[in-house]
Each structure stands twice: as C-alpha cells, then as structure tokens.
Amino acid sequence: MQPVLTSKTFGFSPKGDEIHLFTLAIPGQIEVSVMNYGATWTHLIIPDRNGKMEDVVLGFDTLEGYLQKDYQDHYCYIGSTIGRIAGRITDNRFHLEGKTYELPANLNGTHLHGGMEGWDKKVWKSEPFETHNSVGVTFYYQSRDGEENYPGTMDVWVTYTLDETGRLEISYKASSDEKTIINPTNHAYFNLTGDFSKTIEGHGFFGDAEKYLPMNQNSLPTGEIANVGGTPFDFRNLKTISEPIHRNHPQLDLAGGIDHCFVLNQPEDCAVLYDPESGRKLTLSTTEPGLQVYTGNYLRNNFKGKNGLTYGKRTAICLETQHFPDSCNHPEFPSILLMPEEIFQSRTQFVFTAE
Ligand code: BGC
C-alpha cells in the first residue's frame, strides 16, 4: 500500500528553531516518526501477531523530553543520528596527514558519539519527499571544519524512507572538502514487547557474524578480531539473549552485558531481533561491515520517557550499523577515511513482521 507522509510542529529548539515531526505510515501496518532535532527516530508503531499496534522504540512524547537535562546528562542518545564518529576513540585522538587531532571529552574523560555537541544535538534542515512507491524525509546538516576538532567541512544527508511494502531504510551520504574521517550510525533503542517496563532479555537475537571485537576496560576494541564460537557472542543461530548474557565471561563483566561490535559476514538479513511474546520481528540488512550491539546496560531509570515511564537496565537493545569503533586508530580495520573527491554512502534497511 502507498505510504503516507504527515508532519507537525514538535516544538522549538533552545535556539528557537522550529522542530518538525514527520510521520511515514502505512495505516495498520507501520508508523515511523522522525524529527529534525538530531535527525532522530522518535517512534516506531508496529502490530503484534494479533494486530495490536504498539510503539517499540524508546523516546519521549514531546521535544522537551529530549531536551531535559536529566536525559542529556546521561548520554543515552535515544534514536539519535550519531556523528561524526560512532563510539569511543583511543586517548581521544587520531592522526591524519602527519597531524594529531585531539578530540574533546564529553563523558568521563572520553570522546563518545561525536563529542560535546554531536549530530544528535544539531538542528537539521528537513526535506520531505514522496515518490510513486515511497515517502520519506532527508535531513541535511553542514558540519563546519574544526567542529569538535574534526578536520574538513562536511555536508551530511540522512534519509529515512518508508516504501510500499513497509520496509524502512536509513541512508547516509556525506562529502568533505578535506581529507577526514566519518562513521555515523543511528541509535534507536528497540523493545519489541511494546512494554518498556520489561527487559529485552526474552528477545531472540540472530547475528550473522563469525567474529566480534573484544573490548578493553575503556570500552575500546583491543584490536583482536575474535571468533564468537564458544563465547556468549555466538548468535549464529537465533538465541534468547537472557542465556548468554548471564554467563560468566570477562567481556560481559567489562560492559555489564553486551556492548560489542559484531563483524558481519554479509549484508542481507544479517541480524534479527524477535520477541516471542508479541511475535514482532525485526530483520536488518546493511551495507556496513559492523553491528554494535548494546543491550541497554547503562539505562538506570534516570529520566522520564514516553508516558512518564523511566527506562531501566536492559529495557531496550540498540543495533548500530557502522564501521568498527575506533577505526581511526586501527589501520587493520576497514577504513573510515573520507577523501575530498569521494562521497560517503551507507544504507540500513529494517523489515518488520509478526509471526
Ligand atoms: C555504546 C555504549 C554507550 C551507549 C550510550 C552505545 O553505542 O556502545 O557504550 O553507553 O551507546 O551512549
């Protein structure tokens, strides 16, 4: 069925910019809302196996929710577009063309998810569109040379598209006038039960990955690309998260659960999240080589979300498609360099079903 696009004013940013909420929908099948503050994915309403429509991503009912200090102080990045670089960076620095770039630390001495004011806190320009079989919005932002100390003025486009089959795509495009680095992602938190007071430990997860990246005590890749076989990170068959996550394993202790990058074997249907209770299932495809899986280990009921509910530990899971974290300090990882004559492109698709 041809999807429909609607929009409304969601509020005003601290600087007084109008923030629009766009809804891409196929009535009865899927409703996706996104806004131009942080190019953020705010709602995903999909049916369970009995057709009951429920919102399955964490977020807030109002723009004020996203702006509240209690939330911003906890660095959760709910539904945000993350840039320029997803994750952490060793010693908050990288080298390029013989120069060292020192990056500002925003969380506990660490540069995380783009820094002090990453793309998640920017007001983007919005361009809604309709084609013969889809609707969507392109968000555009220009990140100036030296922003968060990164080199090069970068133009970035993030596009959310819903097609007639109900498939959602998030695509990224960027160019820079100087040699630089880029590794964006989306930070949606899924809980397919639709009940955010429940944990996601009962969800099944499949990750088409033979390898994963072990972390050090600073949540940075050690550089080893390890086999998942015999570890709690073996999701080569769909497995309930509660079983491996409670095993005794030093890597789980470091992160308080899963907060690791999986090395994807191939792009198509490379990850599945399934809630046996509701029957809701998400199947993901991506052009990116890595999937950072984060089981909401640091959610701590610190702020009020949708319907005034607070979000507790493991009440959601993030599936962040990206290049490997800290790639700028690991020449052995796939490169995140962007040359001035190049265009960065990346695509992730989500298919939602109920079984
Ligand atoms: C990171 C976590 C971090 C979380 C929220 C995830 O992408 O891997 O370590 O706590 O984002 O900021």
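## Ligand contacts and aromatic pairs

In this predicted model, an oxygen atom of the ligand lies 2.7 Å from an N or O atom in the side chain of E320. The protein covers 95% of the 310 Å² of accessible area that the ligand has on its own (Shrake-Rupley method, 1.4 Å probe).

| Side chain | Distance to a ligand oxygen atom |
|---|---|
| H113 | 2.9 Å |
| H187 | 2.8 Å |
| E320 | 2.7 Å |

Residues around the ligand include Y75, Y77, R88, D259 and Q292, each with a heavy atom within 4 Å of the ligand.

The whole structure holds 26 aromatic pairs; rings of Phe, Tyr and Trp (its six-membered ring) pair if their centres lie within 6.5 Å, with planes under 30 degrees apart counted as stacked, over 60 as edge-to-face and the rest as tilted. Y71 and F303 form an edge-to-face pair, 5.1 Å centre to centre with 70° between the planes. Because Y71 belongs to helix α2 (residues 69–72) and F303 to the loop between β23 (290–294) and β24 (317–322), this pair ties together parts 232 residues apart in sequence. Helices (H or I, at least four residues) and strands (E, at least two) are DSSP runs, numbered from the N terminus. Y71 is buried at 6% relative accessible area, and F303 is buried at 5% (buried: under 20%, 1.4 Å probe, protein chains only).

Residues are numbered from 1 along each chain as its sequence is written. Local features need pLDDT of at least 70, side-chain atom pairs count only at pLDDT 80 or more, and totals for chains, interfaces and linings use all residues, while side-chain values use heavy atoms, leaving out hydrogens and water.

How values were computed: Buried means under 20% relative accessible area, exposed over 50%, partly exposed in between (1.4 Å probe, protein chains only). A polar contact is a pair of N or O atoms within 3.5 Å; within protein, one must be able to donate a hydrogen and the other to accept it, and residues adjacent in sequence count only if both atoms are side-chain atoms.
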